[in-house]
Amino acid sequence: MFKRQSTLSLVMIAMFAALTAIGAFIKIPLPVVPFTLQIVFVFLAGSLLGSRNGLQSQLVYIGVGLVGLPVFTQGGGITYVLQPTFGFLIGFALAALVIGFMIERVDMPTKKHFIGANIVGLFIIYAVAVPYLYVSLNFWLHMKTSWSHIFVVGFLNSIVADFCLAIASAFLAERLYKVFNSARTITSFNGNLPPL
């Protein structure tokens, strides 16, 4: 039997989905793949909400965009799966899941745990996004592009900035973790609802 989720966890899922959407519009235009702040909220979702709810927050964000709301960097709609950057969105969901899973395995996570989890999450995002970018451009968009060009526009252009954001997000997550953890504990004691 599935346990029902607490109101607080549902609110947090919705909030991080909305924050990821907001992050899509804080961007620096770059060729093919714009630089955005979405990844910050992916790191925080995994670190603060845990694996299940972190994943759900990103799935809600992706779902809202695919039904047509313009929450992605270049709009929305089901055809967005054909966009070269859709692989990043898939990577966001997987990264939030893995980051949350890694943090959940530690009783009292410290800076090094958050940094390590975020870096793993970062490389998961790129491991999905870069091949997706190549396949998208070369096969269904018929824009013949070499792997070296994909590596530059899909990885080198933004990896340094994203790495810095991973570190900064880890410091922020460490500060916020106790607040979120306390809220989860209080919620779990009130009415035997499951934690966030």
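Visitor: At what angle do helix H2 and H4 pack, and how far apart are their axes?

Guide: Two packed helices are described by the angle between their axes and by the distance between those axes. In this predicted model, helix H2, residues 38–66, packs against H4 at an angle of about 125°, and their axes are 10 Å apart. The crossing in which H2 passes H4 is right-handed.

Visitor: Which residues make the contact?

Guide: From H2 come Ile39, Phe43 and Ser47, while H4 brings Phe114, Asn118, Leu122 and Ile125. Of the residues in this contact of H2 with H4, five are nonpolar, two are polar and none is charged.

Visitor: What is Phe163 in contact with, leaving aside its neighbours within four places in sequence?

Guide: Phe163, which has its place in helix H5, is in contact with Ile119 and Leu122 once those neighbours are set aside. Between Phe163 and Asn118 the C-alpha to C-alpha distance is 8.7 Å, although the two are 45 residues apart in sequence. Phe163 has a relative accessible area of 35%, so it is partly exposed.

Visitor: Which residue has a positive phi although it is not a glycine?

Guide: Most residues other than glycine have a negative phi. Here His142 has a positive phi of about 55°, and this residue lies in the loop between helix H4, residues 111–140, and helix H5, residues 147–189.

Visitor: Is His142 buried or exposed?

Guide: The cut-off for exposed is over 50% relative accessible area, and His142 counts as exposed because its relative accessibility is 62%.

Key: Residues numbered from 1 in each chain as written. Predicted model: local features only at pLDDT ≥ 70, side-chain atom pairs only at ≥ 80, totals over all residues. Heavy atoms only, no water. Helix = DSSP H or I, 4+ residues; strand = E, 2+ residues; numbered from the N terminus. Buried < 20%, exposed > 50% of the residue type's maximum accessible area, 1.4 Å probe, protein only. Axes fitted to C-alpha atoms, helices over the stretch in contact; angles between N-to-C directions. Left-handed = near helix turned anticlockwise from the far one by under 90°. Contact = heavy atoms within 4.5 Å. Nonpolar A, V, L, I, M, F, W, Y, C, P; charged D, E, K, R; others polar.
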